[in-house]
Amino acid sequence: MPTVPRLHVDQPLTAATPIAGSAAQAHHLGSVLRRSVGDEICLFNSRDGEWRAHIAALRRDRVTFALDAQTRPPALEDDLWLLFALLKRDTTDLVIEKATELGASVLQPVITDRTNAARVNDARLRTIATEAAEQSERLTIPDIRPPRPLPDLLESWPTNRPLFVAVERANAAPIIHSTEPCALLVGPEGGFTLQELDAFRCYPFVAAVTLGPRILRAETACLVGLTLLRLGGSR
Ligand code: SAH
């Protein structure tokens, strides 16, 4: 049996109203997945949870769904922020996709002293995150924030949220499992500068953490850090 496509839709999911999908969804369902009217589909969003539905009408660039029954009520998901020094385009894409699979709720690109890129393509990153949320059975799409300079972020930080900063070769404590709202910050390929490392010491909500004895690429550090924070065991 073919797998049931799982799609995120912004509109309210209420049983009485047909739901209009996007042109991209119509194309994907019709031309790529070769689905047709009557085929089962799964729809979700953070407000209304997940619903079993079917295709009510399908043309090349238009699709409508009819809802059948709710399969998951809306629920709170992880409160886990990932802040990462902005990477090259392909690597940023990878971090967005994998961090979504690993449950990050906020993705915050950061501009640091050694960051080269300063811009992102919001729509593209949102598409990547949406597809990763569809695939990984999340109910929410992570909030992808516009890039911000590191000093701004530190100055306006919600001080009750611990910020775990991944620092290599620093004799820092190992990162450990936490179920509390928290955030992980990973630096750029060139690492943080001494000034940045000094600045971290001024903020009581910052805790430096190590991800082990090897020097990881920034994207690896993001994924390992998220994994250990949320899925790892405690000491
Ligand atoms: N070029 C630097 C390494 C930077 S690695 C050097 O050779 O010294 C990129 C980022 O990944 C770092 O800023 C840090 O946030 C994270 N990172 C990599 N390995 C790590 C480790 N073992 N522990 C903690 N953080 C690490």
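**Note on the predicted model**

1. The domain assignment of the chain gives domain 1 (6-72) and domain 2 (80-231); such bounds come from an automatic or database domain assignment. The model is a predicted one, in which local features need pLDDT of at least 70 and side-chain atom pairs count only at pLDDT 80 or more, while totals for chains, interfaces and linings use all residues. Residues are numbered from 1 along each chain as its sequence is written, and side-chain values use heavy atoms, with hydrogens and water left out.

2. The C-alpha centres of domain 1 and domain 2 are 33 Å apart. Contact (heavy atoms within 4.5 Å) involves eleven residues of domain 1 and nine residues of domain 2. Between them the two domains bury about 750 Å², of which 56% is on carbon and sulfur atoms; this buried area is the accessible area (1.4 Å probe) that two parts lose on being put together, summed over both. On the domain 1 side, Arg6, His8 and Arg72 lose the most area to domain 2, together 60% of what that side buries.

3. Four aromatic pairs are present in the structure. Rings of Phe, Tyr and Trp (its six-membered ring) pair if their centres lie within 6.5 Å; planes under 30 degrees apart count as stacked, over 60 as edge-to-face and the rest as tilted. Trp81 and Trp157 form an edge-to-face pair, because their ring centres are 5.5 Å apart and their planes stand at 75°. This pair links distant parts of the chain, 76 residues apart: Trp81 belongs to strand S6 (residues 80-85), and Trp157 to the loop between helix H4 (150-155) and strand S10 (163-166). Helices (H or I, at least four residues) and strands (E, at least two) are DSSP runs, numbered from the N terminus.

4. Trp157 also forms a stacked pair with Phe205, at 6.0 Å centre to centre and 25° between the planes. Both Trp157 and Phe205 are buried, that is, under 20% relative accessible area, with exposed meaning over 50% and partly exposed in between (1.4 Å probe, protein chains only). Ring pairs join Trp81, Trp157, Tyr203 and Phe205 into a cluster.

5. Two arginines lie over the face of Trp81: Arg145 at 5.2 Å from the ring centre and Arg161 at 3.8 Å. The criterion is NZ of Lys or CZ of Arg within 6 Å of the ring centre and within 35 degrees of the ring normal.

6. How many disulfides does the structure hold? There are zero, a disulfide being a pair of cysteine sulfur atoms within 2.5 Å. The sulfur of Cys182 is 14 Å from the closest cysteine sulfur, in Cys222, too far for a bond.
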